[in-house]
Amino acid sequence: MMEFGWSEKGIAVSENAYDGVSWNLIAFNPDTDSLSETVTRILQMLEGHNP
């Protein structure tokens, strides 16, 4: 289950990792992950950069 995503880009944010999915998932754990770093990763992927 994804938390939110961009279907045209095939990018989603999820609290869990999943194998065998065609989307690029960005893991985000609200208890341990920095929101600003996660937003940066989202923006990089939306712009076509995959760090």
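1. Ser22 is exposed, because its relative accessible area is 73% (exposed is over 50%, buried under 20%, partly exposed in between; 1.4 Å probe, protein chains only). Ser22 sits in the loop between S2 and S3. From Ser22 to Thr32 is ten residues in sequence, and 26 Å from C-alpha to C-alpha.

2. A word on the basis. The model is predicted: local features need pLDDT of at least 70, side-chain atom pairs need pLDDT 80 or more, and totals for chains, interfaces and linings take in all residues. Residues are numbered from 1 along each chain as its sequence is written, and side-chain values use heavy atoms, with hydrogens and water left out.

3. Dimensions and burial. The C-alpha trace spans about 25 × 25 × 15 Å along its principal axes. Of the 51 residues, 20% count as buried. The accessible surface is about 3,900 Å², and carbon and sulfur atoms account for 50% of that (Shrake-Rupley method, 1.4 Å probe; for residues, only the protein chains shown count as cover).

4. Contact range. Take the contacts between residues at least 6 apart in sequence: 13% of them join residues at least 24 apart (contact: heavy atoms within 4.5 Å).

5. Which residues make up the largest nonpolar core? There are six: Ile11, Val13, Ile26, Phe28, Ile42 and Met45 (a core is a set of buried Ala, Val, Leu, Ile, Met, Phe, Trp, Tyr and Cys joined through side-chain atoms within 4.5 Å).

6. Strand S1. Gly5 belongs to S1, residues 4-6. Gly5 counts as partly exposed because its relative accessibility is 35%. Leaving aside residues up to four places away in sequence, Gly5 touches Ile11, Ala12 and Trp23. Of these, Ile11 is also a member of the largest nonpolar core. The C-alpha atoms of Gly5 and Leu25 are separated by 8.8 Å, although the two are 20 residues apart along the chain.

7. Asp31 is placed in the loop between strand S3 (24-27) and H1. Is Asp31 buried or exposed? Asp31 counts as exposed because its relative accessibility is 74%. From Asp31 to Leu46 is 15 residues along the chain, with 24 Å between their C-alpha atoms.

8. Thr38 in the helix. Thr38 lies in H1. Thr38 counts as buried because its relative accessibility is 3%. What does Thr38 touch, not counting residues up to four places away in sequence? The contacts are Ile26, Phe28 and Asp33. Ile26 and Phe28 are both part of the six-residue core.

9. Leu43 in the helix. Leu43 is also placed in H1, which covers residues 35-46. Leu43 is partly exposed because its relative accessible area is 45%. Thr38, at 3%, counts as buried. Ile42 and Met45 are listed in the largest nonpolar core.

Conventions:
Helix = DSSP H or I, 4+ residues; strand = E, 2+ residues; numbered from the N terminus.
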